[in-house]
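Welcome! Take a moment to look over the sequence and the 3D view, and then we can go through some questions together.

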Amino acid sequence: MAADITVVITDREGVSHKVQAPTDMNMNIMELVRAYELAPEGTIGICGGMAMCASCQCYVLNDVVLPEKSDEEDAMLWEAFNVKENSRLGCQIAITPEIDGLEVELAPEG
């Protein structure tokens, strides 16, 4: 049985949440934010996790090794607002044992 991992998510109000994430449910960071209701309904994951809206943009705050950005993710971030060097789309970061300890901050809306 796969173990849960810990992810720290800072919401848009600046409040840090240390949450448990299952590695055996094929979830991603955007779905984790929604599951814990860390963003108002309808403000994150608007496209359903298809890398088409950037509503789940987050900033990676620590040195956890993540998979490379896909061309689709890179293109969406190119069009998004408030993009930084450490920006990623939460829907493109799968919950796997390798990202245990990941710390992210949700980007501002819009």
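**A first walk through the model**

W78 is in helix α2 (residues 71–79); helices (H or I, at least four residues) and strands (E, at least two) are DSSP runs, numbered from the N terminus. This is a predicted model, in which local features need pLDDT of at least 70, side-chain atom pairs count only at pLDDT 80 or more, and totals for chains, interfaces and linings use all residues. Residues are numbered from 1 along each chain as its sequence is written, and side-chain values use heavy atoms, with hydrogens and water left out.

Q: Is W78 buried or exposed?
A: Buried means under 20% relative accessible area, exposed over 50%, and partly exposed in between (1.4 Å probe, protein chains only). The relative accessibility of W78 is 78%, so W78 counts as exposed.

Q: Which side chain makes a polar contact with the side chain of Q57?
A: Q57 belongs to strand β3 (residues 57–60), and Q57 is buried because its relative accessibility is 3%. A polar contact is a pair of N or O atoms within 3.5 Å; within protein, one must be able to donate a hydrogen and the other to accept it, and residues adjacent in sequence count only if both atoms are side-chain atoms. A polar atom of the Q57 side chain lies 2.9 Å from the backbone oxygen of F81. The side-chain partner, at 2.7 Å, is S87.

Q: How many disulfides does a search of the whole structure find?
A: A disulfide is a pair of cysteine sulfur atoms within 2.5 Å. The cysteine sulfur closest to that of C56 is in C91, and at 3.8 Å it is too far for a bond. Both residues are buried, C56 at 4% relative accessibility and C91 with a relative accessible area of 7%. For the whole structure, the number of disulfides found is zero.

Q: How many of the six residues of strand β1 are buried?
A: In a regular strand the side chains alternate between the two faces of the sheet. In β1, I5, V7 and I9 on one side are buried, and so are T6, V8 and T10 on the other. For β1 (residues 5–10), the number of buried residues is six.

Q: Which residue in β2 is the bridge partner of T6?
A: Two strands pair if DSSP finds at least two bridges between them. Six bridges join β1 and β2 (residues 16–21) in the antiparallel sense. These strands form a hairpin with five residues between them, and G14 in the turn has a positive phi of about 85°. The partner of T6 in β2 is Q20.
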